[in-house]
Amino acid sequence: MLSATPLCLVVAYIVASSWESWAHRNILHASKRSRREWRKYGTLGKLLRLAYFYHNTIHHHRTFVDSFYLQFVDQIQKD
């Protein structure tokens, strides 16, 4: 029989993985409509919009410009 500690770790892993997957899909890749809705949430909405911006603009459009696997072309671009 499993002891409580390994079972708790498995449950924690499942909860964390599920949350990360949901947040990535619904916050970091949110629709335009969702982003507009966030405006009515004040500071929380601003944080959600910043998370969306940094994930999409910085991570997807500026960091992995040429290749999904190659993050930077050279050292100058990395700096």
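Q: What makes the link between the side chains of H55 and H24 a polar contact in this predicted model?
A: The side chains of H55 and H24 are joined at 3.2 Å. A polar contact is a pair of N or O atoms within 3.5 Å, so this link qualifies.

Q: Why is H55 called buried?
A: Happy to show you: H55 has 13% relative accessibility, and buried means under 20%, so H55 counts as buried. H55 lies in helix α3, which covers residues 43–63. Leaving aside residues up to four places away in sequence, H55 touches H24, L28, H29 and H60.

Q: Why does F53 count as partly exposed?
A: F53 also has its place in helix α3. Its relative accessibility is 36%. Buried means under 20% and exposed over 50%, so F53 falls in between.

Q: How many aromatic pairs does the structure hold, and why is the pair of W19 and W22 called stacked?
A: There are 2 aromatic pairs. For W19 and W22, the ring centres are 5.3 Å apart and the planes stand at 25°. Planes under 30 degrees apart count as stacked, so this pair is stacked. Both residues lie in helix α1 (residues 4–28), 3 residues apart, about one turn of the helix.

Q: What makes W19 exposed and W22 partly exposed?
A: W19 has 53% relative accessibility, and over 50% means exposed. W22, at 40%, sits between the 20% and 50% cut-offs, so W22 is partly exposed.

Q: What makes the pair of F53 and Y54 edge-to-face?
A: Their centres are 5.2 Å apart, with 70° between the planes.

Terms used: Residues are numbered from 1 along each chain as its sequence is written. This is a predicted model: local features need pLDDT of at least 70, side-chain atom pairs count only at pLDDT 80 or more; totals for chains, interfaces and linings use all residues. Side-chain values use heavy atoms; hydrogens and water are left out. Helices (H or I, at least four residues) and strands (E, at least two) are DSSP runs, numbered from the N terminus. Buried means under 20% relative accessible area, exposed over 50%, partly exposed in between (1.4 Å probe, protein chains only). A polar contact is a pair of N or O atoms within 3.5 Å; within protein, one must be able to donate a hydrogen and the other to accept it, and residues adjacent in sequence count only if both atoms are side-chain atoms. Contact means heavy atoms within 4.5 Å. Rings of Phe, Tyr and Trp (its six-membered ring) pair if their centres lie within 6.5 Å; planes under 30 degrees apart count as stacked, over 60 as edge-to-face and the rest as tilted.
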